[in-house]
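Student: I have a model open and want to learn how to read its features. Can we go through them one at a time?

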Amino acid sequence: NGPRVLFRYYKFLLRDYCYSLDEMAFVASKLLESWASMEEETIEIGRTALGKLVGTSDVRTVQTLKEFVFKSFDLATPNSNIKKKLTKRHSFIMEPNGHQGKNAIIFLSASSWWNRGWLPLLQMSPQTPSPTLDESELPDKLCR
C-alpha cells in the first residue's frame with residue numbers, strides 16, 4: 001500500500017477527521033522518502049489515491065490541502081536516510097540509498113515541496129489562484 005495510504009491520509013484530513021501531530025509528521029516524513037526514492041511512481045500513486053482532487057477547480061479545498069502539506073512538512077522528523085538542514089522552514093535532502101548523487105530530490109522548504117511535488121501531482125500550476133487561508137483556519141481536529 002505504501003504511498004497510496006499516505007496520500008489517503010490527506011483526504012481524511014480534508015474530510016475533517018481528527019489527527020495527531022506525531023501521525024502527521026510520520027506521514028509527511030514517509031512521503032518525502034517516497035518522493036526521493038521513486039518520484040514518478042509516487043506522483044502516479046498520488047494521482048490515483050487523491051482521485052477527484054487532481055485537477056480540481058475547488059480553490060478552497062486546494063488551499064486547505066496546501067496548509068496541511070505545509071503543516072505536515074514542518075512537523076516531519078527526519079530519519080536516518082534524510083539529512084535535515086534548517087532554513088526559514090526546514091530542508092529535506094534525501095538521496096537514494098543514503099549516497100550523495102546527482103539524482104537526489106531536494107525540497108528546500110514546505111513551499112518547495114508544494115510547488116515542485118504536490119502541484120505537478122495535482123496537475124496544477126503555481127499560478128493557480130487560491131484564497132488566502134491562515135493556518136488558524138485549518139479544521140481543529142487534533143485527536144485528544
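Student: Where does the charged end of R15 sit?

Tutor: A charge sits over a ring if NZ of Lys or CZ of Arg is within 6 Å of the ring centre and within 35 degrees of the ring normal. Here the charged end of R15 lies over the ring of F12, 5.7 Å from its centre. The model is predicted, so local features need pLDDT of at least 70, side-chain atom pairs count only at pLDDT 80 or more, and totals for chains, interfaces and linings use all residues. Residues are numbered from 1 along each chain as its sequence is written, and side-chain values use heavy atoms, with hydrogens and water left out.

Student: How many aromatic pairs are there?

Tutor: A pair of aromatic rings is described by the distance of the centres and the angle of the planes. Rings of Phe, Tyr and Trp (its six-membered ring) pair if their centres lie within 6.5 Å; planes under 30 degrees apart are stacked, over 60 edge-to-face, the rest tilted. By this rule there are 13 aromatic pairs. One of them joins F7 and W35, edge-to-face, at 5.7 Å centre to centre and 70 degrees between the planes.

Student: Why does the pair of F7 and W35 tie parts together?

Tutor: Helices (H or I, at least four residues) and strands (E, at least two) are DSSP runs, numbered from the N terminus. F7 is in helix α1 (residues 2-14) and W35 in helix α2 (residues 21-37), so the pair links parts 28 residues apart in sequence.

Student: Are F7 and W35 buried or exposed?

Tutor: Buried means under 20% relative accessible area, exposed over 50%, partly exposed in between (1.4 Å probe, protein chains only). Both F7 and W35 are buried.

Student: Which residues does S72 touch?

Tutor: Contact means heavy atoms within 4.5 Å. Leaving aside residues up to four places away in sequence, S72 touches Y10, M24, A25, A28 and W113. S72 is in helix α4 (residues 59-75). Its relative accessibility is 0%, so S72 counts as buried.

Student: At what angle do α2 and α5 pack?

Tutor: Axes are lines fitted to C-alpha atoms, for helices over the stretch in contact, and angles run from 0 to 180 degrees between N-to-C directions. Angles under 35 degrees are roughly parallel, over 145 roughly antiparallel, 65 to 115 roughly perpendicular, the rest oblique. α2 and helix α5 (residues 110-122) pack at about 80 degrees, with axes 13 Å apart. They are therefore roughly perpendicular. A28, L31, L32 and W35 in α2 meet W113, G117, W118 and L121 in α5.
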